[in-house]
Amino acid sequence: MKKLFALALAALMLTALLAACATGGGGSGSGGITKENITLKFWESETEGSVFMNYAAEEFTKLYPNITFEFEPVAHVDATQKIVLDGPAGVGPDLYAIPHDMLGANANGGVALPNPNPDYIKNNFVDAAVTGATFGGTVYGYPLAIETYALFYNKDLLPEPPKTWDEVISFAQGYNDPSQNKYAIVWEPSNAYFSYIFFSGFGSSLFGPNGDDKTQHSINAPNTIRGVEFFKSIRNILDVPSGDLSGDFCNSAFESGLAAMYLVGPWRIPDCKESGINFGITTIPVFPGESSPPASFSGVRLMVISAYSKYPEETALFAEFVTSNEMALKRFEMLDQIPARNDVTIDDEYSAGILAQAEYAFPMPSIDEMGQYWQTMGAAYANVWDGSDPKTELDAAAAVMEATIAGG
C-alpha cells in the first residue's frame, strides 16, 4: 500500500508538472509538453534496459498514454562513442545511459543537453552523485545508481570491524600466516582505482576538489607522497608481490576464509553470499592521525538527454520519473543497484555498508587526463609496492602527467 500511495503521489506531481508546462497542445519546440502521440527512444545496457527501463517506460505511459517508448540495447560504456555518429544521423536516442566519468566527453562534444532542472538533482541526490552529474559547473546527468568500494570483512574472524589502519595492522600481527596464504587484508595494490585511498587518505584530491581542474593533479603533492609512503608500509602485513595480488587471488583468499578483510566493490556481494562466508561491509579504515575514512573513487550511472532529441521536455520529464524515489527503490529491487538519492533508505546490510563509504567517496574525474592517471599511477603503485621510493615514483608520474597536459 505504501508503494501504491507513493506511485499515486508521483503521478499527481507529474500531472501538475505537465499542466504547468503545457502550452495548449503545442509541440515541445514551443516550450511545453506535447499532447501529440510521440515515441521516445532510450539506450541502456541489455540487462538494465530489459529489466528496469522497460518497466519504467510502461509505468510512465500509463500516466501519459500519448508517449510511448523504443528501447535499443547499447551498453552504457559504448554509448558515448555511438552517439557521435547516430545522433547527427537522426537514428540516435532521446535519452541514454553513460558512466559519469564519460560525461566530460559528452558535454565537450556537444551531444548531451544540460539538465533543464538542476535543482532537482542538487536537492534529491547524494553529494557524490551531484558531482558525478556535473561537468564544468553545469548539471547534465540524471543519476540512476552509485557504487564505490568499501571494507568487506569476515565476521567470524572479526566480529567488530576495525575502524583504523592501526587496528588492521595490530590484527595482522596476530593473524597472518604467509605459509598458509592467511593475510589480514587483501586488495589489488597496482590498481589505481582501489589504491586511490592512499592518494586521498591525508587530504589530496585528484584534479582539484571537484575533479575538473587538470592543473591541480596533486600526484606528487606532500599529502599524496605521505599517503603513498603509508601504502608502502602496508607491504609489511601483505608481503606478496604486486603482480601476484590479482583480483582472482583476492577473491579466492577472502571467499575461502583465508583473508579476513578485502577492499572491493558491491559487484562481489553475490559471490561472497554464494561462498557461504559470514561477512559484513563497512567503511574503509581511517588513516593515522585522520578523523574520517579516506575518499574512495565512486562511480555514478547517469542518464543524459541527447542534444539531437526532438522532444527534450518530454525526455526530461521521463528522466525525472526514472530517477524518482519510487523508481529508485524499484531499480534496487530489480537489479541490486544502489540508489543515488538522498531520501532512499535500503533495508539491506550489505548495501548499507557501501552507502556508508559512499558518504566519503570522490567521483572519478571525467576529464580527458584520467586516461594518463590510470596508466602512470597504476605503474607507480606497483613499483612502490615492490620496493621503489614513493617520492621518486610520484615525481616521475607527475612529470608524465604535466607533459600530457601541456601537449593537450
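Colleague: What is the bridge partner of Ile-185 in E9?
Modeller: That is Met-261. Strands here are DSSP runs of at least two E residues, and helices are runs of at least four H or I, numbered from the N terminus. The model is predicted, so local features need pLDDT of at least 70 and side-chain atom pairs 80 or more, while totals for chains, interfaces and linings use all residues. Residues count from 1 along each chain as its sequence is written, and side-chain values use heavy atoms, without hydrogens and water.

Colleague: In which sense do E8 and E9 pair?
Modeller: Parallel, over 2 bridges; pairing takes at least two DSSP bridges between two strands.

Colleague: And what order do the strands of that open sheet have?
Modeller: The order of its 4 strands is E8-E9-E7-E10, with mixed pairing. E8 (185-186) and E10 (279-282) are at the edges with a single partner strand each, so one side of each has no neighbour in the sheet.

Colleague: New topic: how many residues are in the largest nonpolar core?
Modeller: It has 126 residues, and Phe-152, Trp-165 and Trp-187 are among those with the most contacts inside it. A core joins buried Ala, Val, Leu, Ile, Met, Phe, Trp, Tyr and Cys residues through side-chain atoms within 4.5 Å, and buried means under 20% relative accessible area with a 1.4 Å probe, protein chains only.

Colleague: Which helix gives the largest share of this core?
Modeller: Helix H15 (residues 370-385), with 7 residues. In soluble globular proteins, nonpolar side chains tend to be buried together.

Note on methods. Buried < 20%, exposed > 50% of the residue type's maximum accessible area, 1.4 Å probe, protein only.
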